[in-house]
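Student: I would like to know how the labels used for a protein model are decided. Please take me through some of them.

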Amino acid sequence: MLSTTSPNLLSQIGGASYAVGYGFGFIYLGVGPRLYVFSASNLSAPVLLGISDILPGIVQGVRIAGSRAYVTLGEGGLAVLDVTYPTAPVLLSTYDTPGFARKLWVAYPDVYVADGATGVLKLDTTDPADIQLTFTYETPGTARDVLISNAGSDSEKLFI
């Protein structure tokens, strides 16, 4: 007789690394569907401090702003993690973007996500529990990366 129950994930280790970020003396590395945090006090021998729980996608991009890590997750959209304690990164929220979230740029509270065929999304993350889409920049092709100059000003410029 066939079982109708779903398999349970017991553990996960390793995976592709597409993203690395730096902030406040720490290195943040995407490894598969997790965010690893290392001490950067000795760059010749970084020390692993903490690992996030499994996120809903493979880490594609990492940016740090204050005590938060903003992480793009491909089909999983955007994740916001609290990294106040580097030994224990905590997932605050996720936002499921319509495309494939690759890279990002943070100009707090706005996060710009290169979302593949969808273009670039501007998200307001003032309240991580209620992330709001504020604007979509349509691109002529697939948006793979983004850089914002003068974010939030009248002369804001988008580079894709």
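Tutor: Start with contact, which means heavy atoms within 4.5 Å. This is a predicted model in which local features need pLDDT of at least 70 and side-chain atom pairs count only at pLDDT 80 or more, while totals for chains, interfaces and linings use all residues. Residues are numbered from 1 along each chain as its sequence is written, and side-chain values use heavy atoms, with hydrogens and water left out.

Student: Which residues is Gly-14 in contact with, leaving aside its neighbours within four places in sequence?

Tutor: Val-31, Gly-32, Pro-33 and Tyr-36. Gly-14 itself belongs to the segment before strand S1 (20–23). Strands are DSSP runs of E with at least two residues, helices are runs of H or I with at least four, and both are numbered from the N terminus.

Student: Why is Gly-14 called partly exposed?

Tutor: Buried means under 20% relative accessible area, exposed means over 50%, and partly exposed lies in between (1.4 Å probe, protein chains only). Gly-14 has 28%, so partly exposed is the label.

Student: What makes Ser-39 count as buried?

Tutor: Its relative accessibility is 13%, so Ser-39 falls under the buried limit. Ser-39 is part of strand S3, residues 34–39. Outside its sequence neighbours within four places, Ser-39 is in contact with Gly-25, Phe-26, Pro-46, Val-47 and Leu-49.

Student: Which side chain does the side chain of Ser-39 make a polar contact with?

Tutor: The side chain of Ser-41, at 3.1 Å. A polar contact is a pair of N or O atoms within 3.5 Å; within protein, one must be able to donate a hydrogen and the other to accept it, and residues adjacent in sequence count only if both atoms are side-chain atoms.

Student: Why does Phe-38 count as buried?

Tutor: Phe-38 has 17% relative accessibility, so the buried label applies. Phe-38 also lies in strand S3. Not counting residues up to four places away in sequence, Phe-38 touches several residues, including Ile-27, Leu-29 and Leu-48.

Student: How many aromatic pairs does a search of the whole structure find?

Tutor: Two. In the pair of Tyr-36 and Phe-38, the ring centres are 6.4 Å apart and the planes are at 25°, so this pair is stacked. Rings of Phe, Tyr and Trp (its six-membered ring) pair if their centres lie within 6.5 Å, with planes under 30 degrees apart counted as stacked, over 60 as edge-to-face and the rest as tilted. Tyr-36 is buried, at a relative accessible area of 13%.

Student: In what order do strands S9, S10, S11 and S12 form their open sheet?

Tutor: The order is S9-S10-S11-S12, with antiparallel pairing.

Student: What joins strands S6 and S7?

Tutor: Five bridges, between S6 (residues 68–72) and S7 (residues 78–82), which run antiparallel. Arg-68 has Asp-82 as its bridge partner in S7. These strands are part of the open antiparallel sheet S5-S6-S7-S8.

Student: Why does Thr-125 count as buried?

Tutor: Thr-125 has 0% relative accessibility, so buried is the label. Thr-125 sits in the loop between S11 and S12, and its side chain reaches the backbone oxygen of Pro-109 at 2.8 Å. Thr-125 also touches Arg-68, Tyr-70 and Leu-78, among others beyond four places in sequence.

Student: How many helices and strands are there in the protein chain?

Tutor: Zero helices and 14 strands. The radius of gyration is 16 Å, close to the 15 Å that the globule rule gives for 160 residues, so the chain is as compact as a globular protein of that length. That radius is taken over C-alpha atoms, and the rule is 2.2 Å times the number of residues to the power 0.38. Of the 160 residues, 42% count as buried.

Conventions: Pairing = 2+ DSSP bridges.
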